[in-house]
Amino acid sequence: MTEKIIIEAKNASEINIRCSDSVAAELADSYTFDIPNAKFMAGYKRGGRAKGGWDGRIRLFDRRNYTLPFGLHENLRKEFAAGRGYAFNYSNPGPFRSRELSLVETRDFSTKLSPCGNDGTSLVMREDQLNAINRAIRDRRSLILSPTSSGKSVISYHIALWHRALVPGSKGLILVPRIQLAQQLYSDWCDYSKSNGWEPGRDVHVIYGGKDKWSDKSIFISTWQSLYELPREYFAQFTYIIGDECHEFKAKSLTYIMNSCVNAWDRTGLTGSLDNTQTHKMVLEGLFGPITRVASSRELMDKGAITKLDPIKVIVLKHPPEVCKAFKNSPGTYEDEVQLLINSEARNRFISNLALSVKGNTLVLFQRVEKHGQLLYDLIKAKRPNNTYYIHGGIDVDVREEIRRIVETEADAIIVASYGTTATGINIRNLHNLIFASPSKARIRNLQSIGRILRLNQGKVSATLFDIADDLRIREGGYNNFTLNHMEERLKMYVEEKFVYKIYPVQLGTNLYA
């Protein structure tokens with residue numbers, strides 16, 4: 001006898017599943033995943049669940065209540081049920097139905113809006129942007145994958161205004177990861193509205209820090225940090241959600257907010273990249289819906305929609321033999337290697353001289369604030385005191401915004417900035433160079449960072465990435481050190497993204513580069 005699966009909407013966050021016990025066991029197995037690097041997390045180190053700890057796995061199917069995140073109903077139907085030949089039905093298909101909305105209708109709506117940029121000229125919506133807007137509104141649940149610098153703020157603008165204009169009583173929650181992004185998104189929306197008569201101040205309530213959490217306005221823009229301690233009842237007011245930089249939505253607090261929005265039947269996630277792990281993909285699809293990739297960075301470059309990326313200059317710093325031998329004879333942990341690199345006077349001097357030598361505005365990204373960022377900033381500032389800037393978590397948001405504004409008008413500024421505050425928190429169109437001063441293999445962080453230099457600007461023809469890697473091998477062909485392995489991961493990512501790169505070996509310690 002063919003097994004049957006029947007689902008119904010419990011609310012806008014979960015679906016109830018009716019099935020046999022044997023199918024439930026399969027569901028539990030199919031929707032359970034190992035968390036990458038779980039062994040390094042505190043809960044795992046405490047031991048298994050019997051000891052009050054965690055076994056390093058995430059379980060999306062609730063075996064006790066037979067529920068699954070709402071956004072996975074398509075995966076359940078197309079992948080799980082169809083793959084096993086199980087019958088699949090909706091108890092009430094209403095909540096799962098898409099809207100009838102053509103691309104032509106979406107374009108007509110966009111034309112009526114006539115959004116404009118911060119220079120006052122009308123924005124011509126690209127086909128990939130219109131496709132993203134159409135999929136978000138039509139399918140009601142979607143995870144839009146669109147490169148950094150591709151115009152995600154204008155996409156969210158159209159989605160929010162569509163709900164405001166055509167869905168009576170709608171109330172939207174737009175979630176962003178950082179205060180600066182909340183301010184920036186609102187500022188962008190004000191720019192877009194200069195010529196179409198909409199005044200965001202009448203309808204948009206921006207929340208961060210100590211701002212009031214309540215308002216009778218129809219659109220809320222907020223950092224998740226401002227809301228995650230509020231009771232579940234607060235989130236019942238929202239009928240749709242837009243999650244900007246939604247790749248960060250794996251965190252427990254963000255999941256709590258999303259699951260508490262039990263009346264938000266429309267959900268759109270916007271991100272430039274995912275980390276390619278099954279766990280990440282399934283968690284985000286559960287919160288938002290199926291992934292839709294509307295364009296790649298290479299496609300947008302070929303169309304002239306974002307700045308052309310010159311061949312990436314991968315600079316492999318070969319450290320002196322005595323340094324390599326000393327490292328090999330030390331405990332040799334990853335942290336040992338990081339400490340060696342960020343304290344290397346020759347390496348820091350090379351990076352600072354590189355930043356000072358290239359033409360155009362340059363962004364230097366680092367990970368450790370006091371132990372590395374401050375060193376680099378001091379070295380660069382000593383030689384270029386007038387237009388060198390420093391951004392990290394301790395710098396006030398208003399100061400960061402002022403730096404952003406100043407750099408937009410300069411030609412040879414250098415910003416020394418932490419990954420955490422800049423990879424997804426700054427929008428400077430007038431950037432020409434990017435230097436990865438700290439080694440990383442994090443796909444999302446790297447792609448988001450590259451996106452910082454791909455924004456179009458008048459007179460800007462191309463942008464250049466300098467990827468700094470380190471070779472601590474005693475001899476060629478020996479075992480790679482940690483950060484050299486990380487470089488190889490980045491090279492794989494460049495190939496996948498169709499970015500061209502060239503490797504430049506540099507011997508540290510010579511007069512030429514010291």
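Which strands does helix α10 (residues 278-287) lie across? Select α10 and you'll find β7, β12 and β13 under it, with the helix running at about 135 degrees to β7. Before you click further, note that this is a predicted model, where local features need pLDDT of at least 70 and side-chain atom pairs count only at pLDDT 80 or more, while totals for chains, interfaces and linings use all residues. Residues are numbered from 1 along each chain as its sequence is written, and side-chain values use heavy atoms, with hydrogens and water left out.

A few words on reading the names: helices (H or I, at least four residues) and strands (E, at least two) are DSSP runs, numbered from the N terminus. Angles run from 0 to 180 degrees between N-to-C directions, and axes are lines fitted to C-alpha atoms, for helices over the stretch in contact.

**Stop 1: the sheet of 7 strands**

Stay with the sheet that holds β7, β12 and β13. Its order is β9-β10-β8-β11-β12-β7-β13, an open sheet with parallel pairing (two strands pair if DSSP finds at least two bridges between them). Colour β9 (204-207) and β13 (291-293) to see the edges, since each of these strands pairs on one side only. Ignoring direction, neighbouring strands are turned by 20 degrees against each other on average.

Now pick β7 (residues 141-145) and β12 (residues 266-271): they run parallel and are joined by 5 bridges. L145 has T271 of β12 as its bridge partner. Next, show helix α7 (residues 179-192), which packs on this sheet and touches β8 (172-176), β9 and β10 (219-223). The direction of α7 makes about 150 degrees with that of β10.

**Stop 2: the sheet of 4 strands**

Move to β5-β2-β1-β6, an open sheet with mixed pairing. Here the edge strands are β5 (67-69) and β6 (87-90), each pairing on one side only. From one strand to the next, the twist averages 30 degrees. Zoom in on β1 (residues 4-9) and β2 (residues 14-18), an antiparallel pair with 4 bridges, where I7 stands opposite I17 in β2. Helix α3 (residues 73-84) packs on the sheet and touches β1, β2, β5 and β6, at about 165 degrees to the direction of β6.

**Stop 3: α5 and α6**

Select α5 (residues 127-139) and α6 (residues 152-166), whose axes come within 10 Å and cross at roughly 40 degrees. That makes α5 oblique to α6 (under 35 degrees is roughly parallel, over 145 roughly antiparallel, 65 to 115 roughly perpendicular, and the rest oblique). Show side chains next: Q129, A132, I133, A136 and I137 of α5 meet V154, I155, H158, I159 and W162 of α6 (contact means heavy atoms within 4.5 Å).

**Stop 4: T106**

Is T106 buried or exposed? Find this residue in helix α4 (residues 103-113). T106 is buried, with a relative accessible area of 4% (buried is under 20%, exposed over 50%, partly exposed in between, with a 1.4 Å probe and protein chains only). Leaving aside neighbours within four places in sequence, T106 is in contact with L101, L130, I133 and N134.

**Last stop: α13 and α19**

Finish with α13 (residues 334-342) and α19 (residues 482-496). Their axes come within 9 Å and cross at roughly 90 degrees, so the two helices are roughly perpendicular. To see the contact, select Y334, E337 and L341 of α13 with F482, T483, L484 and H486 of α19.
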